[in-house]
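Q: Could we go through this structure together? I would like to start with the overall picture and then turn to particular residues.

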Amino acid sequence: MEIWARAPLRLGLAGGGSDLPQFVDTYGGAVINATINRFVNVRLRDHIEGGVRFSSYDTNEVSEAANTEMPEPGNMPLFWATYERMTALSGKEKPSISIESFSDSPVGSGLGTSSALCVALVKAFDEYWSLGLSKSEIAWLAYDIERIDCGFSGGMQDQFAAVHGGFNLFRFKGNKEVEVVPIHLPDAVITEFETAILLHYSGQSRYSSRIIDEQDKNIRELDAKTVDSLKQMRDQAEAFEQILRSGSVDAFAEFIREGWEAKKRTASSITNDQIQMIMEDAFEAGASAAKVSGAGGGGFVLFIVPFEYRNRVIETLEGHPGTTTACRFTSGGVVSWRK
């Protein structure tokens, strides 16, 4: 038997950081994100040789065991933690399987890759055992596996984005209560936003856990600058919904600028000299707004560019390390199928 699963990556548009549990439990959070045509792909198969074998074609890692127990010390913890938790959930014996994965974007790109991988793994096991899990159950399982079982720092938005797909406003209310508000936009509006967006991979892998740990520390210590900035970003997400529905690229750009300025105040390593140089050169070429996707520190930079300056900005960005691509949004979340 062969199971395939695919989960989309996402662009964080507003409110990112207000989904951190330390902040949500006290103040509540709100985030708007949108999934794009980049995916994490997973293939699960019966392992006829027995035991377990996991392979990542992104990191060239392999982890295997002759039996079904995680080797010590073990690499690829996300695979093993998902295997352990989903087997326990099924109530069945640990299966002899192989799992392979690859992503359309580099590791550490700021597009929610690790969370999308975890969602795809959970969905593959859901299909394997015909568990019939709901979207909410898949998202929270992926969150618990990544944040609790593996201890990886981060928020809640990535798992829900990968599960639901499309443009969404997520309101995080604490105690695992999440309100999902789909934002249905006309095709013409989505196309105009796509035309205005460029994505530049800065060539820097980002270490989001360091930034998130600093934000968590600042929240715990009630650092006024961090807490006030996250409150501002949360409130911006609520207002940003109406901007999206209006279809105004100019208003879109203004909110991206405001959100980026607020985000930079939440941790010292959100930006750096290389990112600032890339942004400043793009602004001189005609870009009207920019922000780093994800926690910050590197990865993909999102630019809003007026129609008449698009090619000039692309030429400017080609002078920096990394690659520049267009953005295409998608409407679907994680899927799985049998072969």
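A: Helices (H or I, at least four residues) and strands (E, at least two) are DSSP runs, numbered from the N terminus. This is a predicted model, in which local features need pLDDT of at least 70 and side-chain atom pairs count only at pLDDT 80 or more, while totals for chains, interfaces and linings use all residues. Residues are numbered from 1 along each chain as its sequence is written, and side-chain values use heavy atoms, with hydrogens and water left out.

Q: How many helices and strands does the protein chain have?
A: The protein chain has 11 helices and 12 strands.

Q: What is its radius of gyration, and what would a compact globule have?
A: The protein chain has a radius of gyration of 20 Å, which agrees with the value near 20 Å for a compact globule of 339 residues. The radius is taken over C-alpha atoms, and the globule rule is 2.2 Å times the number of residues to the power 0.38. Along its principal axes the C-alpha trace spans about 60 × 40 × 40 Å.

Q: What share of the residues counts as buried?
A: Of the 339 residues, 57% count as buried. Buried means under 20% relative accessible area, exposed over 50%, and partly exposed in between (1.4 Å probe, protein chains only).

Q: And what share of the contacts joins residues 24 or more positions apart?
A: Such pairs account for 74% of the contacts with a separation of 6 or more. Contact means heavy atoms within 4.5 Å.

Q: Let us turn to Glu69. Where is it found?
A: Glu69 is found in the loop between S4 and H2; strand S4 covers residues 61-65, and helix H2 covers residues 77-90. With a relative accessible area of 43%, Glu69 is partly exposed.

Q: What does Glu69 touch, not counting residues up to four places away in sequence?
A: With those left out, Glu69 touches Trp80 and Lys94. The C-alpha atoms of Glu69 and Val52 are separated by 8.2 Å, and these residues are 17 apart along the chain.

Q: Where is Lys94, then?
A: Lys94 has its place in the loop between helix H2 and strand S5 (97-103). Its relative accessibility is 26%, so Lys94 counts as partly exposed.

Q: Which residues does Lys94 touch?
A: Not counting residues up to four places away in sequence, Lys94 touches Thr68, Glu69, Tyr83, Glu84 and Thr87. The side chains of Lys94 and Glu84 make a polar contact at 3.1 Å. A polar contact is a pair of N or O atoms within 3.5 Å; within protein, one must be able to donate a hydrogen and the other to accept it, and residues adjacent in sequence count only if both atoms are side-chain atoms.

Q: Changing topic, is helix H5 enclosed or open, and why?
A: Eight of the eight residues of H5 (residues 157-164) are buried, so the helix is largely enclosed by the rest of the structure. Among the buried residues are Gln157, Asp158 and His164.

Q: What covers the buried residues of H5?
A: The cover includes strands S1 (2-14), S2 (29-46), S6 (167-172) and S7 (178-182), together with helices H3 (113-129) and H4 (135-149). Just after H5, Gly165 takes a positive phi of about 70°.

Q: Which residue other than glycine has a positive phi?
A: Ser130 is one of them, with phi near 50°. Ser130 has its place in the loop between H3 and H4 and is exposed, with a relative accessible area of 58%. Asn60 also has a positive phi, of about 60°, although it is not a glycine. Asn60 lies in the loop between strand S3 (52-56) and strand S4, and at 66% relative accessibility it counts as exposed.

Q: Is Ala237 buried or exposed?
A: Ala237 is buried, with a relative accessible area of 0%. Its place is in helix H8 (residues 224-246). Leaving out residues up to four places away in sequence, Ala237 touches Ala14, Gly15, Ala30, Val31, Ile32 and Leu169.

Q: And Thr330, buried or exposed?
A: Thr330 is buried, with a relative accessible area of 17%, and lies in the loop between strand S11 (323-326) and strand S12 (335-338). Leaving aside neighbours within four places in sequence, Thr330 is in contact with Pro8, Thr35, Ile36, Asn37, Phe39 and Gly166.
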